[in-house]
Amino acid sequence: MASIKTADRDGVRIITLDHPPVNALSFALCAELLPVVETANADGAITAVVFTGANGLFSGGADINDFSTEPTPDTKTIRDVIAAVEKSDKIFVAAIDGNALGGGLELALACDYRLASSRSKLGLPEIKLGLLPGAGGTQRLPRLIGAQAALEFMLKGSTADAEKAAKLGILDEVVPGDVVDRAVTLAKAAPAKRRISARQAELGKGLVRMALPFVVSQAHKMVPPEENGGYAAHKLIDAVEAAVELPFARGLARETRLFEELARSAPSAALRHVFFAERELAKVPGIGDAQPLAVKKVGIVGGGTMGTGIAICFADAGIAATVIEPVDEQVERAKQMIFGMYMHQVQRGRLAQEEAWKRGQSIVFSDDYNDLADCDLVIEAVFENMDVKKQVFTKLDAIVKPGAILASNTSTLDIDAMAAVTKRPEKFLGLHFFAPANIMQLLEIVRGKDTSPQTLATAFAVGKALRKKAVLSANAFGFIGNRMIFDYAREAGALAEEGVPPYRIDSVMKKTFGFAMGPFAMFDLSGIDVSWHIQQSVPAMAAGRTKIVDRLYELKRLGQKTGKGYYKYDKSVGSGREPIRDEDVEALFAEEAKKAGIAQRGDEVTDDEIIKRLTYALINTGAMLLETGVALRPGDIDIVYVYGYGFPPHHGGPMWYADEVGTRHVYAAIKAFRDAFGPHWEPAPLLIEIAERDGKFANIKAKEQLVHA
Ligand code: T1G
């Protein structure tokens, strides 16, 4: 199927990229595009060339799938196409309407002029894939907008809207009308050629040349260490340094070498896995072509922090929300939270005042359930108690219209037990938001035994509207994220009981492995009372353990909220939320460990053991969730952990990490942990099966149907 279309207009050849869905500049497309460009170069009747894109965008860049294959010497890439543009004596104009990202923008940078419609977005997001712009972007952009501005733009990997791109100097014009017409008119006017490669003076724009070493050394200091998520950033800085210090051709060669190194790197493979795993989430067997219901009005029962955060999610998506909250003081607190959050965004320039006002106004409060009668979806976010939730759903079921969907925001309770009190179990499911709901991108969609495909399809459509990473879970204790975090927490607590101080465990998991937050800082954030309640409801979790959680609970050391938990907090220090080592807690651990007869081995525990015990606990439980069908795919579990629990994306998520380490090594370590620490380390059968054939989680097929554990 031809992915390149051409048309001539008054001696101008219009080359259209037409390769749905995103005009990805794959090796195959470039093999088609290169001869088209060479033919235009050789055609005496053609004075200029205009590039543009079909399918509502210019191009989403190189085809990310291609980086998992080793190109052969005769593979044609976007670099070959750009080289053909570079050596041509024609004028080239890029007519952008929609996204121009990565290699797509690099193709435009090879042109003499760049025009875009006002809706267009331009970006070099390669860093988010653990790469750098490898088709001349690191050499051309500094020559276009200056080395420092270019470095910032590429390190952020963000996209700029057309106005901003014009201000930066990337675009020559923002075109109100048809961008191709304007490009042809400009091209026909035979403007001067102006290849960026020839520019050197711009490099110093905004950057005095002798400052370069300082700028570069500062940049290296500001990005994470190479071994902890910063690998591509450091290489990108090297590439921009080469742009300033080397002639164009040599800088290009340096960029290519750095790019190839990154394309073969583990962090990039992990980040590319996350990119595709996110896009797999909504592909759920059994939903088939069920059409989602339209959700125009949402009800939320419970105006606490969660309920209010959920209401803000809908307001941000332009969906009206009615919050049922009977306590006036709570309504006031909720309104303050909404007002404060939106004013913060306005003050930071992220939201226009009128838009903030409109969103705030779209959230209304009531104490009358009847105000929810015409809602398409009602989400319960009340106290985590089954009886309370059953009362809420009994009332809702009698009031809301027959077609409405009812959902619970519960984090661990049984969805089917709640559905059973309604007459609409096929329209019932869990929508588990993560606190703070308006910030955290993860949403667990929990399928009840009777949840219909249409209800699920509607939930995924709502997840997309809210810009959430929506992951399907079966209705089992803890669903996916919290079920796995129990075993992660078990190992963190066990290590502390063996005499490893909490601050050291946190430091290893954060600074060495790359978690956004260490486990004990996370427990302090969520609240020791939450841990205590869970332990009360799952006595097995406390088996063989100390009473440390009970002790902290009795001492009212509930975490950040009480200024003391596993750490202490000092309001006069920074944000007041910085964890400060508390040796009283370490003494408490030692005291409780002695009572429980737990041998102390803190000094002999290596950082490596800490990382293995915590991450392999996640892997083993994740494997159990896959074999029991609670989770559909390994990639789904990875997305839960990268977006819900701060797992380092450059390790791809727990299941990807198991493949990175090697499943047979993980299995061997888990067997050793079982022999040393007990049966809770029994390896999951799926892990055994994969490890024994030296296989990978990445290669197992999604469960056809979710098993309801
Ligand atoms: N390569 C391969 N597939 C891609 C792709 C890409 N670059 N971009 C999107 N897809 C697939 C995606 O997996 C999904 O597939 C479908 O297209 C729709 O995507 C040499 C090295 C362009 C803003 O990082 O940001 O150029 O699920 O759901 O919401 O220097 O896709 O339908 O099977 O996201 O409308 C740099 C990545 C590449 C941009 C559209 N470019 N893409 O968003 O659709 S590296 C990027 C996006 C590079 C050069 C370097 C977004 C989008 P499926 P979607 P969308």
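Predicted model: local features only at pLDDT ≥ 70, side-chain atom pairs only at ≥ 80, totals over all residues.
Biologist: How close do the axes of helix 11 and helix 25 come, and at what angle do they cross?

Modeller: To read a helix pair, look at the distance between the axes and then at the angle. Here the axes of helix 11 (residues 266-280) and helix 25 (residues 634-644) come within 9 Å and cross at roughly 105°. Angles of 65 to 115 degrees count as roughly perpendicular, and helix 11 and helix 25 are therefore described in that way.

Biologist: Which residues in helix 11 and helix 25 meet?

Modeller: On the helix 11 side they are His 273, Val 274, Ala 277 and Glu 278. Helix 25 brings Gly 635, Asp 638, Ile 639, Val 642 and Tyr 643 to the contact.

Biologist: Let's turn to charges. How many salt bridges does the structure hold?

Modeller: There are 51. A pair is counted when a side-chain nitrogen of Lys or Arg is within 4 Å of a carboxyl oxygen of Asp or Glu. Take Glu 261 and Arg 257, whose closest N and O atoms are 3.9 Å apart.

Biologist: How far apart along helix 10 are Glu 261 and Arg 257?

Modeller: They are 4 residues apart in helix 10 (residues 248-263), so about one helical turn separates them. Glu 261 is partly exposed at 26% relative accessible area, and Arg 257 is also partly exposed, at 47%.

Biologist: Are Arg 490 and Glu 491 buried or exposed?

Modeller: Both fall under the 20% limit for buried: Arg 490 has 15% relative accessibility and Glu 491 has 1%. Arg 490 and Glu 491 form a salt bridge, with the closest N and O atoms 2.8 Å apart.

Biologist: Which parts of the chain does the pair Arg 664 and Asp 694 tie together?

Modeller: Start with the bridge itself: the side chains of Arg 664 and Asp 694 meet at 3.0 Å, N to O. Arg 664 lies in helix 27 (residues 663-677) and Asp 694 in the segment after helix 28 (685-692), so the pair ties together parts that are 30 residues apart in sequence. Arg 664 is partly exposed at 41%, and Asp 694 is partly exposed at 44%. Salt bridges can also share partners: Arg 483, Asp 487, Arg 490, Glu 491, Glu 498, Arg 601, Glu 604, Glu 609 and Arg 613 are joined into one network in this way.

Biologist: Which backbone oxygen lies 2.8 Å from a polar atom of the side chain of Gln 330?

Modeller: That of Gly 303. Gln 330 lies in helix 13 (residues 328-347) and is buried at 16% relative accessible area. Beyond residues up to four places away in sequence, Gln 330 touches Gly 303, Gly 304 and Glu 325.

Biologist: How many residues of helix 20 are buried?

Modeller: In helix 20 (residues 519-526), 6 of the 8 residues are buried, making the helix mostly covered. They are Pro 519, Phe 520, Ala 521, Met 522, Phe 523 and Asp 524. What covers these buried residues includes helix 18 (481-497), helix 19 (502-513), helix 21 (528-537), helix 23 (583-596) and helix 24 (607-627).

Definitions and conventions: Residues numbered from 1 in each chain as written. Heavy atoms only, no water. Helix = DSSP H or I, 4+ residues; strand = E, 2+ residues; numbered from the N terminus. Buried < 20%, exposed > 50% of the residue type's maximum accessible area, 1.4 Å probe, protein only. Axes fitted to C-alpha atoms, helices over the stretch in contact; angles between N-to-C directions. Parallel < 35°, antiparallel > 145°, perpendicular 65-115°, else oblique. Contact = heavy atoms within 4.5 Å. Polar contact = N/O pair within 3.5 Å; in protein donor to acceptor, adjacent residues only side chain to side chain.
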